[in-house]
Amino acid sequence: MDSLIETFHIDYKLLIAQVINFAIVFFVLYYFALKPLMQTMKDRTAKIEKSLDDAKRVEEKLSKTEEDYEKELAKAKKEANEIINKAGVVAEKKKKEMLSNAKDEIGNIINKEKEKMQQEKAKTIKEIKKEVANLVVASLEKILGEKKDSKKNQELIKKIIK
Amino acid sequence: MSKTVGSEITTENKIEHKSMVTQEDNHEEVGVEARTEAHEATHEIIHEHTLFAEPIYRIGNFNITNSLTNTWLVVLIVIVVSWTLKKRISLIPKGIQNVFEMVIEGFLGIFDSVTGARAKSLKFFPLVFSFFILILLNNWMGLLPGIGSIGQVISEHGQKIFVPYFRGGTADMNTTLALATIGVVISHIFGVIAVGGWNYLNKFVNFKALAEIPKKVMKDPTILIINPIKIFVGLIEIIGELAKVASLSFRLFGNIFAGEVLLASMSAILAFGLPIPFMFLEVIVGLIQALIFAMLILAYLTMSTMAEEH
């Protein structure tokens, strides 16, 4: 053992100095390099994992939203169609109603006019008859040259006209 | 030790190898006396690779060796790099941070295969990584030009000896022994924390097995043979712990020191070109040795924190 120490010049002071050197290296490495670096790496891993997780969740949410949107859209379309159909039916109905109303009214008006015209016609004919009688009387008086008493006249006229 | 006579900067090219001579002499004090006899009258400067780190300055009775200065340099580098890194850490990695994160991730992957659980890897990581960085930088620093070739000339017993200012930190037994001791001692501390003091003590001095004998001997007589073996195995483990320290420190020291001697020998044969492949080899050896040391410490930590596995 002594010869070993002699050969290699082993000195406990040097040993202690080297132990101190190692301690310095360890503490410097640990506190300045390894600890913050590994913490950073851990943080980064956590952050990336979280980001990926978030992205997945967002994607899921998006696809769900899209699905919902499609569904809502289809529903809205269906509803709109229904409304349009309904409106069409109502309009048709209304149209028919109005048409029939209009026809009725027109018919009424025509009937009224017809009646009026008939009345007028009858009146005109009556007047014409009266006029013609007067004319005949006048012309006969002229032809006969004399005026018979009006009583006879009247009877005669009536006979002629009939 | 003697005082400085004059300082001189020499290059690697001039390195001569006389260290072999000193070892052949079989002196107890390998350094000083041997040189004196071998080169009495010569006045050339002697370069040699001693097995120990040479002191270059003295404060009181504390020798500052060239390996210690090199380790200080490594500590300084670690502080500077860590400091700059700390200021630049952000959630979005850039530049140097990317490199460090890649290294950390890689290491954690390897650690998982040893510890078997990420939580344990994370717990041991800072300690084991500190070993790795300190040893790696020390190994590689020993390869830089200027380290081992810039120094002073010391006059000793009438001859001039070249003493470099820097020497690879791990090419000194003191460094490797200190690191190995820290590693093994810390593995025991972790063990005591994880398993509990009494249980941990029983791994080495197996009181439990001893206490079991009278209780169970009626039911199972084979316990009379098995439990003494258990106690003996526990005692062997104590020696095993010492062997851990020895194997860790000598492996690292031997590899790095041998590398330096090899490089010096190669440049002594032919300084141009020839050392280059060996330089690459030493770079790889430095990395591998640092990795082996760190991995073994990790294995010891894992083993000592596991509950008894008999």
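## Strand pairs of chain B

In chain B, strand S5 (residues 150–156) and strand S6 (residues 159–164) pair in the antiparallel sense over six bridges, where two strands pair if DSSP finds at least two bridges between them. Helices (H or I, at least four residues) and strands (E, at least two) are DSSP runs, numbered from the N terminus. This is a predicted model, in which local features need pLDDT of at least 70 and side-chain atom pairs count only at pLDDT 80 or more, whereas totals for chains, interfaces and linings use all residues. Residues are numbered from 1 along each chain as its sequence is written, while chains are lettered from A and ligands numbered from 1 in the order in which they are written.

Within this pair, Gly151(B) stands opposite Pro164(B) in S6(B), and in the hairpin of S5(B) and S6(B), with two residues between the strands, His157(B) takes a positive phi near 50 degrees. Strand S3 (residues 55–59) of chain B pairs with S4(B), also in the antiparallel sense, over four bridges, and Ile59(B) has Phe62(B) in S4(B) as its bridge partner. S3(B) and S4(B) form a hairpin with two residues between them, and Gly60(B) in that turn has a positive phi of about 60 degrees.

| Strand pair | Sense | Bridges | Positive phi in the hairpin |
|---|---|---|---|
| S3(B) and S4(B) | antiparallel | four bridges | Gly60(B), about 60 degrees |

## The two chains

Chain B has ten helices and six strands, whereas chain A has three helices and zero strands, its elements running α-α-α from the N terminus on. Of the 310 residues in chain B, 33% are buried, and of the 162 residues of chain A, 10% count as buried; a residue is buried if 20 or more other C-beta atoms lie within 10 Å of its own, exposed if 12 or fewer, and partly exposed in between, with C-beta atoms placed from the backbone. Among the contacts in chain B with a separation of 6 or more, 69% are between residues 24 or more positions apart, two residues being in contact if their C-beta atoms lie within 7 Å.

## Where the chains meet

The contact between the chains takes 31 residues from chain A and 37 residues from chain B. On the side of chain B that touches chain A, the elements giving two or more residues are strand S4 (62–65), H3, H4, H5 and H6 of chain B, and H3(B) gives the most, with ten residues. That side divides into 26 nonpolar, seven polar and four charged residues, where Ala, Val, Leu, Ile, Met, Phe, Trp, Tyr, Cys and Pro count as nonpolar, Asp, Glu, Lys and Arg as charged, and the others, Gly among them, as polar.

Two residues of chain A deserve a separate description. Asp11(A) is found in the loop between helix H1 (2–8) and H2 of chain A and is buried because 20 other C-beta atoms lie within 10 Å. Not counting residues up to four places away in sequence, Asp11(A) touches Asn63(B) and Asn174(B). His9(A) is found in the loop between H1 and H2 of chain A and has a positive phi of about 50 degrees although it is not a glycine; with 22 C-beta neighbours inside 10 Å, His9(A) counts as buried.

## Nonpolar cores

The largest nonpolar core has 53 residues, and those with the most contacts inside it are Leu29(A) and Phe131(B); such a core is a set of buried Ala, Val, Leu, Ile, Met, Phe, Trp, Tyr and Cys residues joined through C-beta atoms within 7 Å. Helix H2 (12–144) of chain A is among the elements that each supply at least two residues of this core, and those of chain B include helix H5 (118–141) and helix H9 (223–269). H5(B) gives the most to this core, with twelve residues. Leaving aside its neighbours within four places in sequence, Leu29(A) is in contact with Leu34(A) and with residues of chain B, including Val78(B), Pro126(B) and Ile133(B). A second, separate core of five residues includes Ile46(B), Ile56(B), Ile161(B) and Val163(B).
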